[in-house]
Amino acid sequence: MVASTTGSKTSRTVVVGVVGLIVMLVVFWIIREAWQKGGRPFQKIMGSELISSIVAVVILIIALAAVYYVNKRTK
Amino acid sequence: MSSTSKPLLTSRHVGLAAAFGAAGFAFRASGLVLSLFPPLVIDLGALMPCLAGMAAGPIVGIIVGIARGIPSGLPQVDLILQPFKGVYWSYVYKYVILKVKNPKMRWPIFWIVTWLLQFFVEAPLFVFANSLLGFYPFYPTWPITMGWYNAIYGVFQIVIFSAVIAALPAIFGWKEGKAPW
């Protein structure tokens with residue numbers, strides 16, 4: 001009983017997660033069509049490729065922190 | 001007798017797909033790239049399907065590849081090839097790289113496989129797809145005209161993959177030598 005309750009709770013979480021992923025991809029498509037249109041709007045920030053590169057590294061670190069957190073919470 | 005089958009998607013898969021997918025999209029949609037030396041730039045978003053495939057398997061690699069392909073300038077190419085990268089990287093990582101049990105040997109093999117996959121799989125696939133769209137002929141663009149770019153790009157890919165795996169070995173099952181998916 002407990003196991004099945006836990007199992008159904010887990011599968012419900014996954015279903016919600018999959019729906020969330022689909023919503024995420026739809027939002028990405030809307031952003032593309034409404035704003036980005038396949039371009040590279042921030043390839044240079046304030047005219048500098050160096051600043052752009054630094055921001056890219058910062059985003060990478062944030063993304064990896066998110067990955068670490070997700071892995072820690074769900075393994 | 002009880003049989004246990006691995007679920008197709010777990011909360012770990014979903015969470016990692018969201019994290020890697022958001023990063024892949026953010027890099028390409030914003031246009032933020034690492035400028036190495038002109039005209040060589042590296043789009044970190046293009047590495048996300050590979051990392052996601054290694055960390056969480058082919059299905060997550062496909063989802064992240066789609067997220068990376070959506071903001072592409074050529075979505076008809078990237079929406080097919082980026083997910084494909086996630087698939088082949090996941091299997092090569094699990095069934096080739098992690099099969100090397102000696103960690104000291106695994107690193108150089110990982111570097112060699114990364115470079116070979118970049119130069120002999122990823123690069124020709126993208127050059128071929130672009131040649132179908134009429135941008136340039138497949139040969140000699142690959143392996144001659146763009147060969148220097150693909151060769152150097154492979155080296156930078158090695159550096160970034162190694163840094164990420166060394167920083168977060170548990171996510172990739174590196175220490176255990178077993179893919180966590």
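Reply: **The surroundings of one isoleucine**

Leaving out residues up to four places away in sequence, Ile59(B) touches Leu8(B), Leu9(B) and His13(B); two residues are in contact if their C-beta atoms, placed from the backbone, lie within 7 Å. The model is predicted, so local features need pLDDT of at least 70 and side-chain atom pairs count only at pLDDT 80 or more, while totals for chains, interfaces and linings use all residues. Residues are numbered from 1 along each chain as its sequence is written, and chains are lettered from A and ligands numbered from 1 in the order in which they are written.

Ile59(B) belongs to helix H3 of chain B, which covers residues 58–69. Helices (H or I, at least four residues) and strands (E, at least two) are DSSP runs, numbered from the N terminus. Ile59(B) counts as partly exposed because 19 other C-beta atoms lie within 10 Å. The cut-offs are 20 or more other C-beta atoms within 10 Å for buried, 12 or fewer for exposed, and the range in between for partly exposed, with C-beta atoms placed from the backbone. Val14(B) is 45 residues away from Ile59(B) along the chain, and their C-alpha atoms are separated by 9.8 Å.

The account now turns to the nonpolar cores, a core being a set of buried Ala, Val, Leu, Ile, Met, Phe, Trp, Tyr and Cys residues joined through C-beta atoms within 7 Å. The largest has 53 residues, and those touching the most other members are Leu16(B), Ala17(B), Phe20(B), Leu51(B) and Ala52(B). Helix H1 of chain B (residues 11–30) is the greatest contributor to this core, giving 11 residues. Beyond its neighbours within four places in sequence, Phe20(B) is in contact with Met48(B), Leu51(B), Ala52(B) and Val64(B), and also with Val67(A). Another core, of 5 residues, lies apart from the largest one and includes Leu81(B), Ala123(B), Val127(B) and Trp142(B). In soluble globular proteins, nonpolar side chains tend to be buried together.

The contact between the chains takes 36 residues from chain A and 36 residues from chain B. On the side of chain A, the elements giving two or more residues are helix H1 (2–36) and helix H2 (49–74). H2(A) gives the most to that side, with 15 residues. By class, this side has 20 nonpolar, 12 polar and 4 charged residues; Ala, Val, Leu, Ile, Met, Phe, Trp, Tyr, Cys and Pro count as nonpolar, Asp, Glu, Lys and Arg as charged, and the others, Gly among them, as polar. Chain A has 2 helices and 0 strands, and 13% of its 75 residues count as buried.

Some backbone details remain. Most residues other than glycine have a negative phi, and most peptide bonds are trans. Lys37(A), although not a glycine, has a positive phi of about 55°, and it lies in the loop between H1 and H2 of chain A. Lys37(A) is exposed because 12 other C-beta atoms lie within 10 Å. Met46(A) also has a positive phi, near 55°, and is placed in the loop between H1 and H2 of chain A. Met46(A) counts as exposed because it has 7 C-beta neighbours inside 10 Å. In chain B, the peptide bond from Tyr139(B) to Pro140(B) is cis, with omega near 15°, and Pro140(B) is part of helix H6 (residues 138–145). The bond from Trp142(B) to Pro143(B) is cis, with omega near 5°; Pro143(B) lies in helix H6 of chain B.
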